[in-house]
Amino acid sequence: MNEALLVIDVQNAVMENAYQKEEVINRISSLIRNARPIDVPVIYVQHEYPAGPMKRGEPGWELHSLLEKPLETETIINKTLPNSFADTNLKGVLDKLGTEHLYICGAQTDYCVDSSCRGAFDARYDVTLITDAHTTMDNDHLTAKQIIDHTHNTLGNFWSPDSTISLQNSEDVFWMKEKIK
C-alpha cells in the first residue's frame with residue numbers, strides 16, 4: 001500500500017497560541033525526517049487569505065521555524081478552505097503518487113485537520129490521524145485538549161467499506177517503529 005504524510009497548516013499565525021505547540025511541531029518534524037529515507041512522500045499544506053497575517057508572503061503565512069522545511073522535491077499545496085482537498089490539486093498529486101493511505105498531522109484540529117481527514121475519507125483514502133501530532137487552541141466553549149479528544153472520538157468511529165479513519169500515536173507509525181528497531 002502506498003502511503004503519504006500530509007502536514008497541514010503548521011504556519012506561524014496558526015501555531016501562535018496552539019496547545020503544546022513545540023512538542024507537536026517537534027513530533028511532526030520527526031515524522032517528516034523519518035518518512036523521507038523510506039520514500040514516504042511528504043506533502044505540506046499552507047492556508048492563505050487574501051489579506052491579513054495569512055496572506056501569502058506575510059510572516060504569519062510562513063511555515064513555523066521549528067518545522068522541518070520542505071525539500072525542493074516535495075509538494076506544497078496552497079489552500080483557501082479548511083478541507084485540503086477543496087479547490088486544490090491535492091487529490092491529483094496523491095493519485096499520481098499512487099497513494100492509498102494518508103497519515104495526517106498539523107493544525108488546527110477542529111478546522112483544517114478535521115476537514116481534511118473527512119475529505120480524504122470521502123475521497124476513499126484510508127486515513128491515519130496521528131493523535132499526538134496535531135493541535136489547536138482553546139475556544140469560548142472548550143479547551144484545546146477537549147477539542148482534540150472530541151475529534152479523536154468522532155473521527156475514530158468513521159468507517160465505510162471503501163475507506164477508514166484510524167488513530168495512531170506518532171511512535172506507532174510504521175516508519176517511526178522502524179527507527180526504534
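This is a predicted model: local features need pLDDT of at least 70, side-chain atom pairs count only at pLDDT 80 or more; totals for chains, interfaces and linings use all residues.
Colleague: Why is Phe121 called buried?

Modeller: Its relative accessible area is 10%. Buried means under 20%, so Phe121 qualifies.

Colleague: Which other residues of α4 are buried?

Modeller: Helix α4 covers residues 109–122. Its buried residues include Thr109, Cys112, Val113 and Asp114. Ser116, Cys117, Gly119 and Ala120 are also among them.

Colleague: Why is Phe158 called partly exposed?

Modeller: Phe158 has a relative accessible area of 21%. Buried needs under 20%, and exposed needs over 50%. The value of 21% lies in between, so Phe158 is partly exposed.

Colleague: What makes Phe121 and Phe158 an edge-to-face pair?

Modeller: The structure holds five aromatic pairs, and this is one of them. The ring centres are 5.3 Å apart. The limit is 6.5 Å, so the rings pair.

Colleague: How do you know which class Cys112 and Asp9 of the largest pocket's lining belong to?

Modeller: Both residues line that pocket. Cys counts as nonpolar and Asp as charged, so Cys112 is nonpolar and Asp9 is charged. In total, the lining has nine nonpolar, two polar and one charged residues. The pocket has a volume of about 200 Å³. Helices α1 and α4 each supply at least two of its lining residues.

How values were computed. Residues are numbered from 1 along each chain as its sequence is written. Side-chain values use heavy atoms; hydrogens and water are left out. Buried means under 20% relative accessible area, exposed over 50%, partly exposed in between (1.4 Å probe, protein chains only). Helices (H or I, at least four residues) and strands (E, at least two) are DSSP runs, numbered from the N terminus. Rings of Phe, Tyr and Trp (its six-membered ring) pair if their centres lie within 6.5 Å; planes under 30 degrees apart count as stacked, over 60 as edge-to-face and the rest as tilted. On a 1 Å grid over the protein atoms alone, a cavity is a set of points where a 1.4 Å probe fits but cannot get out, and a pocket is an open set with protein on both sides within 12 Å along at least five of seven lines; lining residues have an atom within 4 Å of a point. Grid points are joined across faces, edges and corners, and a volume is the space filled by probe spheres set on the points.
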